[in-house]
Amino acid sequence: MAGAAWLGQFLSNYPAQAQGQETFKGRLAPVPLDAKTRPDVAGFGSATAVLAGTKLTVSGNFSEFKSPATVARVHQSRITGIRGPALFDLTVTKGMSGTISGSFDLTSQQADALRKGLFYVQIHTEKAPDGNVWGWLFK
Amino acid sequence: MLRLRNHLVFAIAILAALGVVMLPGQQAAGGFTAAQANAGRPLYTDNCAACHLPTLQGSGDAPALAGTGFLSAWGERTTRDLVAFIQATMPPGAAGRLSENDYLNIAAMILETNGGRAGNQALTAATNAQIRTIAQAQAAPQKGAPGAKQGGQQAKQGDQQAKQGKQGKQAPAVPLGITVAGEVRNFTPVTDAMLRNPDPGDWLMIRRDYKASNFSPLNQINAGNAGDLRLVWMWAMNEGGTNQPAPLAHNGVIYLNNTGNIMQALDGRTGELIWENRYGTNATAAAMRGIAIYDDKLFVATSDANLVAMDARTGKTVWQVVKGDRSKGNYSTSSGPLVVKGRLIQGLGGCSVYREEKCFISAHDSSSGKEIWRFNTIAKQGEQGGDTWGGLPDLFRAGAETWITGSYDPDLNLTYWGTAQSKPWFRISRKSGNGATLFANSTVALNVDTGRLQWYYNHVPGETLDLDEVFERVLVDDGNDKAVFSVGKHGILWKLDRRTGKYLGHKETVFQNVFESFDPQTGEPHYRNDIVEQRFGEWIPGCPSTEGGKDWPAMTHFLPGNRLIIPLSQSCLDLNAQVVEQVEGGGCGGCALRRFW
């Protein structure tokens, strides 16, 4: 299950890659799906978020979607694993595979939330307008 | 006027016979053909019945596919949804394995079983008829459904075979009784002393000992020589059906329960089959997770909740009893009994149906099968715990199955069992408010002689996300501590004082996000607010999923290191509560939509 993957990352503590810089990673995998959405929800990818000071820089890639990507966003939740509102729009390739990117300033509260595992990246597609893949960002 | 009315009645009768008008309670013919339903029946038996049962009543996580529970979940949806769902998710772990026609035939069989009438129009993947317009939840008699009919109380083997032989013309011709004759030589009857202090070479009960340690003291195989092990013999088990057995070993003989109601005795040294008893006709019956042995008898529970005793020397059936009142529906089991002082203590499953009889643990005389006592795992009004169901009438209190074998403390004379959640899963579906719904999702400690409740501990009051706390209770002595440990689907390791049921502590073993806090004194967990304030039609996300942080694979108490070794997994899901109609004979094992991630 995809949940096992993000939990593994959640439980792993990667040291910061550089002084004053924190790196968070997420595996992009299908959102919760049932029989109705299964034909349209597919694909995988990865996302990396680097926090330097208050600047958060997000990059990543995706592939094997069933329909072209439409939007990609960074979300913040109240509880890890539970959906939350979108914070930022990312630049996304409008294709079945491609990249995401974006850079934003975080408040101190948002930075703390990121460190607590409350941020996730979600990409939507034409056939999955409520979300196609998502991935939680953990150190 | 009278003549006119008679003519009208006659005309209606003619039209009804021609299928032109529908009589009250009759569904429109069509949506599928008889050929499809007939073709679906053996496919269902081979691919679905092991979990959903031959009666389509469902068991465990497998929801009912017949009756009001099915219609509550699916009545407003369409045949296209049903076919797509089955095709996309079934069989578990092998979704899409069957052909599209096979899936359509199974769906047709389900519709017919729910009272749908076959017509001339074949069911296709594109058919988009609302299921309630085809099915009416009045299950039609199943043609040749193996195991659907049960023998009477204490039926003799011959009687049982005779009744099974009349089950319908499509019942498979399964040989019954002793199919390989033989005798275990120099058999030594199993005594209470042996069960309390088993020989190191024996494995006499599901977890080997009364404490459910699941640990063998044998030490000839170790890390240094494990690589030198070589295959001496192998034995192909029966295929088909859920296969999760725990064989027994006594004096070098292995007793193995196979799927399809097949018990075998094997010579442990050579793998030679000593005897075989095919004690039931259900070709896809699950192999129980445990069997039991005492004196000169071997005991097994069947997936349709019979208890069967066999002569351990020869395999011949000695007695068979049916658990519970079957006049209002069937039951199921998936684990076998525990034997204590000549009594078989047996749990029960399939208790989601709204009926007056409630789920229970019972003790039976090992020499006859006669019931000695029973403990209802659902409290009725006026009983201890009866006020924890939010005022729900007794008829609609369901669930609290005991589908995993318990443990036993000879010094305290108590047996410990975990109970499953109340049914349907969601509080809003079962209309129990925020009540604890005792004795669901609890540890119950029962006096072995009387069945009286000594104490209980409700791990998750008012559980609502299909996260059972039903699994094995492991007894650990540590200094002055006499503890009972358990882990449920929440993945929380609970430690209780097994003398009193007092909470001693807990440990979260996997990631969970359904509880926001725990009472430090009592251990009572507190759900997230959005779970407490659940509404129909809203998706509620949660971790772990209904597959469990832990499930039925048991933990081990590694005695040399005093460690608990626990099989765990991590998954998450969204759940969506469905409306459940409260009518006698209705009810629902789950009645929630699920989407995993």
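**Figure 1. Chain B and chain A bury about 1800 Å² between them in this predicted model.** Carbon and sulfur atoms account for 68% of that area. On the side of chain B, B:Phe511, B:Gln570 and B:Trp597 lose the most area to chain A. Together these three make up 39% of what that side buries. The size of an interface is often given in this way, as the accessible area lost when the parts come together. In terms of contacts, 20 residues of chain B meet 23 residues of chain A. The model is predicted, and its scores are ipTM 0.81 and pTM 0.80.

**Figure 2. Salt bridges and polar contacts join chain B to chain A.** How many salt bridges are there between chain B and chain A? The count is two. A:Arg78 forms a salt bridge with B:Glu516. Their closest N and O atoms lie 3.0 Å apart. Three elements of chain B give two or more residues to the side that touches chain A: α5 (79-89), β26 (539-542) and β30 (592-596). Which of them gives the most? α5(B) does, with five residues. By class, this side of chain B has ten nonpolar, four polar and six charged residues.

**Figure 3. Chain A has two helices and eight strands.** From the N terminus on, the order of the elements is α-β-β-β-β-β-β-α-β-β. Chain A has 139 residues, and 50% of them count as buried. Now take the contacts between residues at least 6 apart in sequence. In chain A, 61% of these join residues at least 24 apart.

**Figure 4. A:Asp89 sits in strand β5 of chain A.** The strand covers residues 86-92. Is A:Asp89 buried or exposed? A:Asp89 is exposed, because its relative accessible area is 55%, and over 50% counts as exposed. Leaving aside residues up to four places away in sequence, A:Asp89 touches A:Ala72, A:Arg73 and A:Phe104. With A:Arg73 there is also a polar contact, side chain to side chain, at 3.1 Å. A:Ile100 is eleven residues from A:Asp89 along the chain. The C-alpha atoms of A:Asp89 and A:Ile100 are 9.9 Å apart.

**Figure 5. B:Thr388 touches a run of residues from B:Gly435 to B:Leu438.** B:Thr388 lies in the loop between β13 (371-376) and β14 (398-399) of chain B. Which residues does B:Thr388 touch, not counting those up to four places away in sequence? They are B:Gly435, B:Ala436, B:Thr437 and B:Leu438. B:Thr388 is buried, with a relative accessible area of 15%.

**Figure 6. B:Thr437 has a positive phi, and the bond from B:Leu438 to B:Phe439 is cis.** Most residues other than glycine have a negative phi, and most peptide bonds are trans. Phi of B:Thr437 is near 55°. B:Thr437 lies in the loop between α10 and β18 of chain B. At 1% relative accessibility, B:Thr437 is buried. The peptide bond from B:Leu438 to B:Phe439 has omega near 5°. B:Phe439 also has its place in the loop between α10 and β18 (442-447).

**Figure 7. A cis peptide bond joins B:Lys423 and B:Pro424.** Here omega is about -10°. Where is B:Pro424? B:Pro424 lies in the loop between β17 (422-423) and α10 (427-430) of chain B.

**Figure 8. B:Ala212 is a buried residue with a positive phi.** Phi of B:Ala212 is near 60°. B:Ala212 lies in the loop between α9 (192-196) and β2 (248-250) of chain B. B:Ala212 counts as buried because its relative accessibility is 2%, and the limit is under 20%.

Figure 9. The average pLDDT of chain B is 87, and 87% of its residues score at least 70.

Technical notes
Residues numbered from 1 in each chain as written. Chains lettered and ligands numbered in written order. Predicted model: local features only at pLDDT ≥ 70, side-chain atom pairs only at ≥ 80, totals over all residues. Heavy atoms only, no water. Contact = heavy atoms within 4.5 Å. Buried area = accessible area lost by both parts, 1.4 Å probe. Salt bridge = Lys/Arg side-chain N within 4 Å of Asp/Glu carboxyl O. Polar contact = N/O pair within 3.5 Å; in protein donor to acceptor, adjacent residues only side chain to side chain. Helix = DSSP H or I, 4+ residues; strand = E, 2+ residues; numbered from the N terminus. Nonpolar A, V, L, I, M, F, W, Y, C, P; charged D, E, K, R; others polar. pLDDT = per-residue confidence, 0-100. Buried < 20%, exposed > 50% of the residue type's maximum accessible area, 1.4 Å probe, protein only.
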